[in-house]
Structure formats: C-alpha cells, structure tokens
Amino acid sequence: MVDTPHLDRVNEPADLKGLDIETLKAVADELRAETIDAVSVTGGHLGAGLGVVELTVALHHVFETPKDILIWDVGHQCYPHKILTGRRDRIRTLRQGGGLSGFTKRSESIYDPFGAAHASTSISAALGFAVARDLKGEDYKVVAVIGDGSMSAGMAYEAMNNAGDLKKNLVVILNDNDMSIAPPVGAMSHYFARQVSSKSYRDIRKLGKGVAKALGVEGAARRAEEYLRGMVTGGTLFEEMGFRYIGPVDGHDMNALVPVLRNVREADGPVLIHCVTQKGKGYAPAEAAADKYHGVSKFNVVTGEQAKAAKGAPSYTNVFAESLIREAERDESIVAITAAMPGGTGVDKFAARFPDRAFDVGIAEQHAVTFAAGLAAAGMKPFAAIYSTFLQRGYDQVVHDVAIQSLPVRFAIDRAGLVGADGQTHAGSFDVGYLGMLPGMVVMAASDEAELARMVKTATLIEDGPSAFRYPRGEGTGVEIPHDTEPLEIGKGRILREGSAVAILSLGGRLQESLKAADELAAYGLSATVADARFAKPLDEDLITRLVREHEVLITIEEGARGGFGAFVLHFLAETGQLDSGVKIRTMTLPDTFQDQDSPSKMYEAAGLNAKHIVAKVLETLGREEDAAKALA
C-alpha cells in the first residue's frame, strides 16, 4: 500500500472543498499513486486514468458533485473518479466478479449519473441533462469529459451541433492526449485561456458586440474575433458549432485548471475547454510505452513488467490475422479495416505486412462499414475486423449500405460471446441475431482455430453478398491449423460424433463443452450425437432434419442471446412441420440478462452453458429430474 496522508482525508468530493492549490496538488499526487497501485493488482485501463488525475481532482473541487452532473466519455479514465467518490475501499475489486465495474455505472454510485463504455456518448447525454434541467426549472451544472479519440466519431459532432443550436449552459472538456491539435502549452496560452474564460472578458465581449451591432458591422467583427482567436488557439471549429472555446489548458497544472473551471462554472451557453494531458502521466513505464499502458494485466509497480499468461494455443485473433495475411499474399484485392482497434483485432499484423492495404479509421464504426461497402462496390475484397459489441454501432450501415446492395463485405467479428472483465457493455451477445435476420447474409461461427482459418478462406470466395464469421476472445483449443486451408461448403455443418438417443447441435465456441457433455451422458446410458452447425445462416436444413428424425432429444447451444441460432432452428422446424414429429427440442443460449464482469469461465458457468448444464438439460427434458440435479451438483 502507498502512503497517502492527504488522500486519506478525502472520503467524498465535498472533502476537497476549501483546500488550497498546494494541498490539491498533494491529493493528486497521492491519487495517482493509489491508482497505479490498485491497477497493478487488478489490471485494467491505466494510462487514461493517469492522464486525468489533476483534472479529476479539480473538477470535484470546483463543481458540486453529485448535484452537478459529471459525465465521463467511455469510462477508461474513471478510476481516479471512483477513488474520490466513496469507492476507494473497493478499488482493488475493479473488473473482478462482484466488484467495481471498469466503467462508470449508474447502479454503482450516485456520482455516476450516466453509464459509459462505448465512445462518444458523453456530449449527447450531457445535453439531455441540461435540457431536462431547464424544462424542470432546476439548478445544477453539467460537465462532459471527452477524449480526442472519441472526437473522431460523428456522434460527438452531432451532439455539439445540437448543443450549439440550443445554447444550453453546458461545459465540454476535450481531453487531448494524443492528436496534437494544440499549439505549445505554456505561460502565454495559460494566460489566454484564463482570460477568455473570465467574467470581465465576457462583459467586454458583450459590450463589443453591442457597439458592432450599432455600427452595422456585427458580422465582420464576429468573423475577425473568431479568426484571431482561432489563429491563437485552434478553436475556430468549435466556435462555428456554437461553443465558446477556451484553451489550450495544461491538464496537469492545478494553477491553470482551477481558475478556468471556476470561471466556466458561471458561464452562459455551451463552453468547450481544450485540456491537454499526457496519457500515462506520472508513471515512467506508462509514459514510455507506445500505448501509454492503455490496457494492462496485473503488473509490478516498481518495474512496470506485466504478468504474462502461460503460453498455450494461439489466440483466435492471431489465427484470424495470420489466415488473412496468407490469403492476401495470394489475392491483392484483399484489404483490412479496423475502427481504432488494430492490436485488438490483429489488423496491426496485417498492416505490418501490407501497409497500403490496411486502414484504421478511428472510433468510427459507421464509417468503417460504409467505407468497406465502397471498397466492395469498387471491386476490392474488404474484411472489416470489428468487435461484436462495437459492430452494433454500425448496424444501420450494415443493413442499408451493405446488405440491401448485396455487397461482399466480410465482417470478422472478434470477441463473440462473453468477454470477462469488461463485462456487460462489451459482451458479444447479439450479433448472430442481428446479422442472421438480414436477407442474403452468410453467418458463420468458429468452433476452433482450424475452423476459423477455413472461414477466412471461405469468406474470400463469397462474391454475391455479405458474410460474417464470429470467434471468441482468448486462446484457441490447440488444434492443428493446416497451412493450405480448404473452404467450407456454404450452409453445411459437420458431425463429430454419432449417437442414437440425443443430438447436440452446437454453433461456435461451445463445441468442446458439447463433446464433454456427450461423454458424461454415456454414464447415464444415453448415446449422443454431436454436430457443429458452422453456419447460423444459411442453416444446414438436411443436417437438422436428420438430427430430428433420428433422435429423441435435440439440444441447440450457442454463446449468444435468445433470438439467434436456436430461434432460427425452431423457425425452420415450425415452417416444415417437424415440431410435431415427437422429438423434444430445447435451446440453450445466454440468459436474458446483461451479465456483470467476471472471468469468462465463471460467466459461462453462471450462464449455464457448460458441459454439466447440457447434461442436466438433456436429463430434465427426458423427465429425469433427480439425475439432472446430480449432474449439476
């Protein structure tokens, strides 16, 4: 544990009131040390939080949270905020089962007025609070903190455009730690930021506007002022959107931050503070790292060395990357697209081999999808590698720009199923349902890494419409991957084990558990067939018909929400009259809840999708309740 005498006296933001600047600096130093120490135990998003330590202290010192609304975009940077808002005693449970979320979460604290985990939502939500405040005649301030990366998404600009038009009292803080859109930060820029945020400046500006209007030169005066301020600060864009631009401000200088925040607290209309920070600030290993320790596993505080997982099978992400590279070596029309996650999706490896054929479009999934559609329309073979949870953000574009036009965009859907520590906001639970309902879409799910390699190959050959293949986070099963992979026959599954009483039809990553379940069912005198569906769309109708005809029980299992693969199977059987055949059919899916974070194994245990749960479901379906209870014991 670190020595934190000043921080120890801060149990809630009210305890920061009345502290002088030097004491606030001491609190910030100790808060940074506490954050580093906590994340070294839990792992998590470290760099972003270290970059906003001083800003977090200053915000809670100046504003009256939780009465005043403070919204953090994404939430990667919220750990210091959590420590200051009554959650320090639980901070070493971050991202653990039963512990604190790694993001802001309304149900966790009154200091989290709006939950976040996906980028670029903060300004929209903050404007909602500001409008509601005025409609209800209430009196509080609203602040949104958004990073420069989140400003690459169109939603942020849509919100700013609306806010500028409504002219509500609202403060947006642009946390600029990477884009280098600011001029050098120094004494003159601090002075300028303080002056343009002050009441005296606003009064003079108001008087000047009156004089210009009386003289009939209001438009020219406004343009001249904005041009001159834009030359100095780079804020012309925000001014044009209706925001009063203030900055740049050194986000690590408490002497600069506190006066500016005090000034804007009383300002009228929407204000944007351009705050320049350093990601990973104050921790040398983070400052030196290329990603500034954006996301880390447990680590040694002294050396910064991160704990390494035991070496095992290659990750599905690496298998995808290497498979795509092999295909791209043979086909120059293959290109790869990612939305701000090159390392997470493996596109960084593709980019190292084919730098002119890899594209990182930033946090802009909607653009990524339509960009891929344009590439496909022009004859290229685009692979859009996007996490399942983030592809949701581009769904209209998938429907309108890809599926309706039958364009052969290939969606590589990483992080399908449950993802562990990132919890409910990042679970890839819905893609089978929301893609499988689209006409002409081919939807595949890999049960192991060899199957994933074959699906990459298959996708390269699909030319008459869109396709998608989904795969889990983490390591594969350890199967051998042939160097020259063969494509799959579209819409055809495979049988891995033949039985007579029970059929288990698995889509995706539950296949290994299905095989274990078959072994365990043998002990109950039940012979089980295990099949890998491979395709959620088109379904292997011949395989399903055979399984229904030859078995007493059919179980479908998937690591997705209700309304997905199991629902597609039931629909087919209902339409073909096979539900009346006497076979007992059950579907196993993720539960109809948003599951909190935990290790993936514990999350699947809680979801009831492991081998023992399959066994219990079969026994229960056959009316053997006592045996079912024993199987779960």
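Two strands are taken to pair if DSSP finds at least two bridges between them, where strands (E, at least two residues) and helices (H or I, at least four) are DSSP runs numbered from the N terminus. The structure is a predicted model, in which local features need pLDDT of at least 70, side-chain atom pairs count only at pLDDT 80 or more, and totals for chains, interfaces and linings use all residues. Residues are numbered from 1 along each chain as its sequence is written, and side-chain values use heavy atoms, with hydrogens and water left out.

An open sheet of 7 strands shows mixed pairing in the order β7-β6-β8-β9-β11-β10-β15. Because β7 (358-360) and β15 (535-537) stand at the edges with a single partner strand each, one side of each lacks a neighbour in the sheet. The twist from one strand to the next averages 20°. Strand β6 (residues 334-338) runs parallel to β7 and is joined to it by 3 bridges; Phe359 in β7 is the bridge partner of Ile337.

Helix α16 (residues 365-377) lies across β6, β7, β8 (381-387) and β9 (410-414), at about 165° to β8, with axes being lines fitted to C-alpha atoms, for helices over the stretch in contact (heavy atoms within 4.5 Å), and angles running from 0 to 180 degrees between N-to-C directions. Glu365 is placed in helix α16. At 5% relative accessibility, Glu365 counts as buried (under 20% relative accessible area, 1.4 Å probe, protein chains only). Leaving aside neighbours within four places in sequence, Glu365 is in contact with Ala339, Ile386, Phe390, Arg393 and Gly394.

Note on methods: Buried means under 20% relative accessible area, exposed over 50%, partly exposed in between (1.4 Å probe, protein chains only).
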